Amino acid sequence: MNNYIVRVNVGWVLVFHLTVCCLGTTWAADSAFPESQNVFPDTTVAWINIADPDAFSKSFDRTQYGKLIRDPHMEAFVKSFREQLSKAGKQRLGKLGLTIEDLGQVPGGEIAIAAIVPEAGRLATVLLVDTTGHEEETKQLLDEIETRLVEQKAERLADYEKKIRVYRLPQESPSADNKDAAEPQEQVVAVVHEGKALVVGDDPVQVSHVLAVLENGREDCLASTEQFKNVSKGALKNLGPENSKLRWYIDPFAFAAAYKSAHPANKRQKGPDYVEILGRQGFDAVKAMGGAIVFDAGPFQMHHQTIIYAPPLPGRDPLSVDRYDLAARMLRFPESEEIQPFDWVPSGVSSWSSLKWDIQTAFQSAESLVDDVVGEKGVFDDVIASLKEDPDGPQIDVEADLVACLGKKITLIGDFEEPIDVDSDRLVIAIEAIDPEKVAATVGKSMATDPDMRRIESNGIVIWELIDRSMEIPTLEIETPGGIVAHADQEEDSGDARRRRLREKEEKLLPHSAVTVAHGHLLIASHRDILERVLATSHSESLVNMTDYKTMNTVLKELYPSPPILWGFGRSGESIRPAFEMLKRGSMPKSKSVTGQLLNSVLGDGEPGSVRDQKIDGSTLPDFTLIEKYFGTTGFVMKNLDDGWFLGGIALPAATGSQQNQETAVK
């Protein structure tokens with residue numbers, strides 16, 4: 001997961017700037033209206049804005065990421081990507097009569113978009129653009145929007161309040177062979193340009209409300225809400241007063257519920273709805289999330305901060321195990337004076353992170369969640385009991401023999417093996433053991449009864465390795481709301497069937513997994529080779545001694561003093577390289593990495609065994625050695641708050657000189 005975080009950070013900033021470059025916009029300094037958080041109503045459930053896009057873009061250009069985009073070796077890919085982005089933009093914005101190029105011609109100040117819930121079951125989206133200095137271009141754009149919508153056979157309706165243009169889009173006909181298809185809902189586009197503001201949305205009433213308060217804002221605005229205030233206060237701390245940042249906010253459960261109501265499924269849903277389940281299980285204690293990101297922030301290439309606002313339930317102690325209800329009680333993370341890599345973390349890994357987590361409380365809180373997911377009360381207890389009492393099973397007491405013997409520190413190590421192919425990514429999960437001997441005995445007893453596990457020894461240490469019996473490319477099954485999963489009202493709900501399905505998912509996610517107990521930890525690895533590397537690492541070869549790690553560690557400690565609950569480090573180039581090479585070859589959909597499987601699940605067609613088409617043409621990417629100098633290191637930290645959690649992260653430029661390169665090359 002830490003490897004995935006690094007890839008998301010680096011990949012996101014590159015994609016964003018390519019988008020901005022595609023716009024090719026210049027910006028004015030004066031604001032045409034109050035900041036958008038003072039304009040959008042308090043029923044806003046999601047919001048994103050850039051107050052000063054010109055300053056934001058220029059700050060990006062000064063970083064190594066900006067230099068990477070302008071590198072001659074990247075010219076062919078950047079040009080190709082912009083063309084792909086423009087094409088995709090036309091497909092997505094086309095229903096609004098807009099193109100990405102349009103959004104680059106008219107803005108002169110802030111750009112913001114909001115998702116608003118006017119009433120239960122409805123979700124409206126409104127785009128607000130400051131057009132200072134581009135009024136004439138915006139007037140022409142309104143006529144172009146109408147022409148495009150008419151070409152799509154949209155119907156021009158009467159102007160709302162005599163000034164807001166409204167168009168009704170043609171409804172899509174439901175599939176003839178899909179009897180469960182939901183009734184298509186009417187879709188409209190509302191557009192208005194008044195003064196120095198362009199407002200576009202799918203609800204003319206909300207567009208009108210925004211337009212009406214552009215001069216002075218509104219009292220019942222997004223910024224007035226307790227949730228937004230708490231998120232903004234923490235997210236902006238230490239980021240400086242400048243406006244050259246991107247900000248975002250979301251009320252996750254309110255947004256998910258509104259989106260579901262506004263976008264009914266095209267066919268009857270089977271299995272559990274995970275958003276509803278999480279809400280029922282107390283995770284709706286998370287009231288909001290939000291953050292900000294800024295580039296070229298002093299010594300940092302990038303600096304980002306996020307607040308997860310989850311105040312304890314009324315009357316509950318913020319430090320209590322019971323500050324939340326049901327399964328949400330597992331959101332308990334003890335603090336530590338310091339979190340550092342152990343001596344056995346190899347020096348050349350791509351990424352490392354360590355989290356403090358109350359595993360015992362999490363286990364005790366899991367019962368209601370598992371039962372709710374399966375749709376049958378008592379399933380969790382039945383599975384635990386069968387592991388203890390089944391004469392053909394391992395006959396272990398999971399809570400007493402395993403969970404009670406584990407500590408509160410979990411470490412994740414990410415890396416890759418060469419030559420890079422679909423199965424190059426490596427992952428190790430290390431869970432602290434306070435009674436290693438008992439944990440080893442429990443693991444051995446469990447694995448010895450499993451015909452799919454084989455016992456081997458490496459340097460005198462017993463390793464249990466999963467026998468890979470699969471002959472097809474494994475895919476990770478992400479069960480989203482509406483996904484087809486095992487449920488109490490479906491066939492094959494016996495205990496054996498449930499265990500078999502769990503094993504199938506385990507094998508698909510980690511088809512080469514290996515397990516052992518060593519270094520005082522339960523070690524679970526994606527492959528035996530990375531596990532053997534961890535077992536053979538000595539203090540002198542540890543990550544904690546590497547210069548790039550020491551530098552990041554010092555900076556993070558100064559920026560975010562103790563006590564943390566999460567501490568992480570990544571080498572951006574090493575973390576992104578496997579995906580880069582697979583993208584270049586057009587093989588990302590075949591990747592067996594966790595990242596690749598997540599992408600397949602989200603972007604694929606959902607059909608078993610199918611391989612999705614790669615969305616981005618990476619054939620023009622250069623040899624990675626030509627651009628690796630632009631990738632430095634990332635660090636991130638998470639801390640407890642009385643009303644939630646804080647997550648902060650930075651990126652430092654690549655160090656110069658051969659010492660850095662020699663250290664990070666160790667494998």
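1. Let's begin at the start of helix H7 (residues 204-212), where a side-chain oxygen of aspartate 203 comes within 2.9 Å of the backbone nitrogen of valine 205. Helices here are DSSP runs (H or I, at least four residues), strands are runs of E (at least two), and both are numbered from the N terminus. Keep in mind that this is a predicted model, where local features need pLDDT of at least 70 and side-chain atom pairs count only at pLDDT 80 or more, while totals for chains, interfaces and linings use all residues. Residues are numbered from 1 along each chain as its sequence is written, and side-chain values use heavy atoms, leaving out hydrogens and water.

2. Which residues of H7 are buried? They are Pro204, Gln206, Val207, Ser208, Val210 and Leu211. Buried means under 20% relative accessible area, using a 1.4 Å probe and protein chains only. These buried residues pack against strands E2 (111-116), E3 (124-130), E5 (165-168), E6 (188-194) and E7 (197-201).

3. On to the cores. The largest nonpolar core has 69 residues, and those with the most contacts inside it are Phe40, Leu128, Val199, Leu214 and Trp352. Its largest share, 5 residues, comes from helix H17 (residues 547-559). A second, separate core of 42 residues includes Ala362, Leu369, Trp464 and Leu466. (A nonpolar core is a set of buried Ala, Val, Leu, Ile, Met, Phe, Trp, Tyr and Cys residues joined through side-chain atoms within 4.5 Å.)

4. Take a look at leucine 214. Setting aside neighbours within four places in sequence, leucine 214 is in contact with Phe33, Pro34, Val39, Leu128, Ala197 and Val199. Contact means heavy atoms within 4.5 Å.

5. Next, a bit of sheet. Strand E8 (residues 245-250) runs antiparallel to strand E1 (residues 44-50), with 5 bridges joining them. E8 is also antiparallel to strand E9 (residues 288-297), this time through 6 bridges. Strands count as paired if DSSP finds at least two bridges between them. Tryptophan 248 in E8 is the bridge partner of isoleucine 48, and tryptophan 248 also stands opposite glycine 291 in E9.

6. Finally, check out aspartate 415 in strand E12 (residues 406-416). Is aspartate 415 buried or exposed? It is buried, with a relative accessible area of 1%. Its side chain makes polar contacts with the side chains of serine 350 (3.0 Å) and arginine 533 (2.9 Å). A polar contact is a pair of N or O atoms within 3.5 Å; within protein, one must be able to donate a hydrogen and the other to accept it, and residues adjacent in sequence count only if both atoms are side-chain atoms.

How values were computed. Buried means under 20% relative accessible area, exposed over 50%, partly exposed in between (1.4 Å probe, protein chains only).
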